[in-house]
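Please view the sequence and structure before reading the points.

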Amino acid sequence: MADPKGFLTTPRQDWPRRPVEERVRDWHEVYVPGALLPIISKQADRCMDCGIPFCHDACPLGNLIPEWNDLVSREDWRAAAERLHATNNFPEFTGRLCPAPCEAGCVLAINQPAVTIKNVECAIADRAWEEGFAQPAPPDRLSGRTVAVIGSGPTGLAAAQQLTRAGHTVAVYERDDRIGGLMRYGIPAFKMEKRHLERRIEQMTAEGTKFRTSTAVGRDVDAAELRTRYDAVVIATGATAWRELPVPGRELAGIHQAMEYLPLANRVCEGDLETSPLSAAGKDVVIVGGGDTGADCLGTAVREGAASVTQLDIYPQPGTERDEEREPWPTYPKVYRVSPAHEEARDLRTAPLADTDARLFAASTLRFSGDEDGHVRWLHLVEVDEQRRPVPGTERDLPADLVLLALGFSGPDRSDGLIDQLGLDMAPSGTIARDQDFATNVPGVFAAGDAARGQSLIVWAIAEGRAVAAAVDRHLTGGPTRLPAPIGPYDRPMRV
Ligand SMILES: Cc1cc2nc3c(=O)[nH]c(=O)nc-3n(C[C@H](O)[C@H](O)[C@H](O)COP(=O)(O)OP(=O)(O)OC[C@H]3O[C@@H](n4cnc5c(N)ncnc54)[C@H](O)[C@@H]3O)c2cc1C
Ligand code: SF4
């Protein structure tokens, strides 16, 4: 802490965003390039270097936040990068994508705006790449043990990097044609440009990790046979079985799942397609589901040139302040947040809706109706109370010729046959069952990330990848491991 009074004298300042009219015309990240560095040391100086840093506890990775805040305030970027990478394989991913439970738990947040921890993380990560501090770290010698990691999302990548660096020979199997999981074909480029992924894949390849794309285990390779070829297998296949909306009219054309829509938009950005076959251009779009996936659809539809976009949330609009009874500090509160995509949709609205939120809260879909060609044209909704009971007289109709369902995910997708071929036990929640060592019922097979935890966040996925790597290393060597395990399989976010 270069300035012990920094938190008293410096107000919080976030990474400035580009003007809405400019950024909706491209797919680049929403932030002003280069605008973080000039402000970030002063921002890091706001950290009070608390004796008990709750920010550190609120982060599943156990990021050494006060340490790197201090190093950034002193502009010692090399040491900051070293401390950051000590707990996080991919800080440029979390620095852009994490909802930052650390900031909700920051002691400063009790009575004033939290330290901009996520921005500090991102600045260190980007600087590490620019200065060449993020060099490949191949192992000194090989163990002679082999590991197959199935799935290349943040869980699989973190597990693979940890195990490769520990000396094991690791191959990552991915059914898609590119590496990255939901960071590749789910999350849009305006939240994180794919060049960040490419750079890490190059680093991992140089360290010795092998990647096998377009290979669905269970379909293209028999899972049981793969088990016999490797000393251990890590299943990190995510939880992408989407939830349905079983209401009348669901069968109409023009109603799609978010994860049918978002990958096509991402493929346009990758240069695979000229335009998306599901493009929102010129359409009245309604997104059903108030979460982050819905917000990603919103930002994508805006960039594709939708005529109008509305997002429906079944929950009532949350307050702007933390509910101290139900979600006291340092837990992560449900409050009214305006993401960049919400800001864009709001600012682009015209009279009579100018400047209004594109979200409708406490809104439940009753049914869809369509035209004579069987294409959706209207979404019929009703307002609901806190118990989700319809409020009489509140029915209304929204024009809708593209409807996107973003209702969350129920568990791992079983269509490839991987789970059945291995004979894996499932937990009552529908995820892959595992013990306290991340081990499944099949010897030598481990499960991690969303596939075992259920739908979660990038930061938890990286923590899962690091923790499963420690368990696999113990299994392979039969002894203690030097790899860190930041979480156990049953750890959950801080709650009251
Ligand atoms: C649209 C969307 C936006 C999101 N935005 C954010 C965000 O901004 N911030 C955040 O923190 N979290 C976000 N999340 C959640 C986050 O992306 C996930 O929690 C995280 O990616 C889970 O990581 P994972 O590695 O466990 O699984 P995934 O990222 O789902 O990766 C699993 C991989 O396994 C592959 N696979 C599956 N089956 C097989 C098989 N049989 N053979 C070979 N490969 C297989 C899949 O193709 C996939 O690449 C978002 C989720 C979605 C859907
Ligand atoms: S809780 Fe906030 S002020 Fe305290 S050490 Fe962490 S970032 Fe700094």
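Two strands count as paired if DSSP finds at least two bridges between them. The model described here is predicted.

- Strand 11 (residues 376-383) runs antiparallel to strand 12 and is joined to it by four bridges.
- Trp378 has Pro399 of strand 12 as its bridge partner.

**Domains**
- The chain is divided into domain 1 (6-131), domain 2 (146-240 + 410-477) and domain 3 (244-407).
- A distance of 30 Å separates the C-alpha centres of domain 1 and domain 3.
- Contacts between these two domains involve twelve residues of domain 1 and 13 residues of domain 3.
- On the domain 1 side, helix 4 (54-58) and helix 8 (101-105) are the elements that give two or more residues.
- Helix 8 provides the largest share of that side, three residues.
- The side of domain 1 that touches domain 3 has ten nonpolar residues, one polar and one charged.

**Ligand 1**
- Ligand 1 is surrounded by 38 residues, the closest being Gly151, Gly153, Gly181, Gly238 and Gly449.
- Helix 10 (154-165), helix 15 (292-304) and helix 19 (458-477) are the elements that give two or more residues to this shell.
- By class, the shell has 16 nonpolar, 14 polar and eight charged residues.
- Ligand 1 lies between domain 2 and domain 3, because both give residues to its shell.

Methods. Residues numbered from 1 in each chain as written. Chains lettered and ligands numbered in written order. Predicted model: local features only at pLDDT ≥ 70, side-chain atom pairs only at ≥ 80, totals over all residues. Near = placed C-beta within 6 Å. Nonpolar A, V, L, I, M, F, W, Y, C, P; charged D, E, K, R; others polar. Domains from an automatic or database assignment. Contact = placed C-beta atoms within 7 Å.
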